[in-house]
Amino acid sequence: MSARPRLGILLAVVATVATVAVPSAAAHAAPQVPKTAVLDGSRLQQTRIRLDQGDPQLGRALKDLTARADNWLDQGPWTVVDKPKPAPGGDVHDYLSQAPYWWPSQPKTTDNPWGCPYVQRDGQRNPEVDTGTDRQDVEKVFDSTYDLSLAWYYTGKKQYAEKAATVLRTWFLAPDTRMNPNLNHGQFIPCKYDGRAIGIIDFSQSYTSVLDAIAILDTGAPGWSKGDRTAMRAWNTDFRDWLANSTFGKEEGAAKNNHGTFYDMQLAALAYATGDRDLARRTVLDARALRIDPQIAADGSQPQELARTRSWHYSTFDLVAYTRLAAIGRHVGVNLWSYEGPDGQSLFKAVGYLLPAATGAEPWAHPELEFHRFAASDIVHAAADAGDRAAQAAVPKLETPPGGDLWALRPAAEQLDSIAG
């Protein structure tokens, strides 16, 4: 055989081996960057790449995340229309929740079935609020879609994406089961109010997780169609407009404590997710003088939250909103972490005020019905990521939250201690 035929055979073999042994460019293509409102999409992409490369630390965190996601696979979907009675307005598609800290003051009788009038017991949750309303179900919608979408993004397992898509379509989009895009009957008080502006926090404390879950699914998740994306964006636009323009929305926006912070965070996130970057940027900028200046003291304490019977919970809770708002600011060119008020108020100082208790170095010196040290873990992570050296030094001393520390996979603060505890 001449050299030329042998060379041809050799080249053919090499070409065949190369075809088999070297994956295509598409197989190594980087995952898409989700256009998330709170989470940093580019960071999620890099985390996914590190997981694909076998990062052992991330692999351990992923096991905790997928355990949570697996738990949702045989639950739900949930719908706003299956509560025993519709909201006071009579429309079964309206969301309904009951004020958690209000209790009957009289025995329940035929003539007074609710035991009215209701009286307030701050920090003490009335178990009635967990039956007959939509509150617990909507929290499952928020938590499940977040866990499932993240699990799909990091593992590529379609069952996670398909389940998240089913949960979202059932609660928000399907004509027979969808929720109306308003909160007119949030945190009603029997025999007193059919709904209150304060009920907006039912959504504002967690709904940004849904916005980020949608953005993750929008990167090409199986079971989540172009029609779903369009319909969900329309729902969020209607909800954004209700939040900005309704009487309840304006009243909640005027709140001076954590309710106002969460309102700003939710409005900014909805504005960003629906394409109104100007509203998102303006909301974050205004929060400097409107929220940080009056809410955070020069020493970093939050006086209005310290006055509560659950002062640790509410101090960390308010900072969940602030750190998420700062994350949204990053997307629209505002560095909320760098802001200092006229008396030196700042987010860094607010986190720093909590560090001694968060690390276990000192006891919490204010009223707290149920102290959980781990409640501060995410906000300390957020401050550390933003460059605060004291927070960075505190991270190794944090108490791990139940279910594991998932910060590396979803670097956005969550409310880690349950108000229902």
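Analyst: The accessible surface of the protein chain is about 18,400 Å², and carbon and sulfur atoms account for 52% of it. (Areas are from the Shrake-Rupley method with a 1.4 Å probe; for residues, only the protein chains shown count as cover.) Bear in mind that this is a predicted model, where local features need pLDDT of at least 70 and side-chain atom pairs count only at 80 or more, while totals for chains, interfaces and linings use all residues. Numbering runs from 1 along each chain as its sequence is written, and side-chain values use heavy atoms, leaving out hydrogens and water.

The protein chain has 16 helices and two strands (DSSP runs numbered from the N terminus: H or I of at least four residues for helices, E of at least two for strands). Its radius of gyration is 24 Å, close to the 22 Å that the globule rule gives for 421 residues, so the chain is as compact as a globular protein of that length (taken over C-alpha atoms, the rule being 2.2 Å times the number of residues to the power 0.38). Of those 421 residues, 53% count as buried, meaning under 20% relative accessible area, with exposed over 50% and partly exposed in between (1.4 Å probe, protein chains only).

Now the salt bridges. Side chains of opposite charge can pair when their charged atoms come close. The cut-off here is a side-chain nitrogen of Lys or Arg within 4 Å of a carboxyl oxygen of Asp or Glu. R68 pairs with E414, at 4.0 Å from N to O. That bridge spans distant parts of the chain, 346 residues apart: R68 sits in helix α3 (residues 56–72), and E414 in the segment after α16 (389–394). R68 is partly exposed at 25% relative accessible area, whereas E414 is buried at 14%.

Compare a local pair, E139 and R135, whose closest N and O atoms are 2.9 Å apart. Both belong to helix α4 (residues 135–155), four residues apart, about one turn of the helix. Here the arginine, R135, is buried at 6%, while E139 is partly exposed at 28%.

R240 and D241 also bridge, 2.9 Å from N to O; R240 is buried at 12% and D241 partly exposed at 32%. Back to R68: bridges that share partners tie R68, D147, D378, R410 and E414 into one network. The total for the chain comes to 18 salt bridges.

C116 and C191 form a disulfide with sulfur atoms 2.1 Å apart (the cut-off for two cysteine sulfurs is within 2.5 Å). The torsion about their S-S bond is about 70°, so the disulfide is right-handed. C116 is in the loop between β1 (102–104) and β2 (118–120), and C191, 75 residues away, in the loop between α5 (158–173) and α6 (201–204). C116 is buried at 11%, but C191 is exposed at 61%.

Finally, a buried spot: V210, at 0% relative accessibility, lies in helix α7 (residues 207–217). Beyond its neighbours within four places in sequence, V210 is in contact with F142, T145, L168 and F172, contact being heavy atoms within 4.5 Å.
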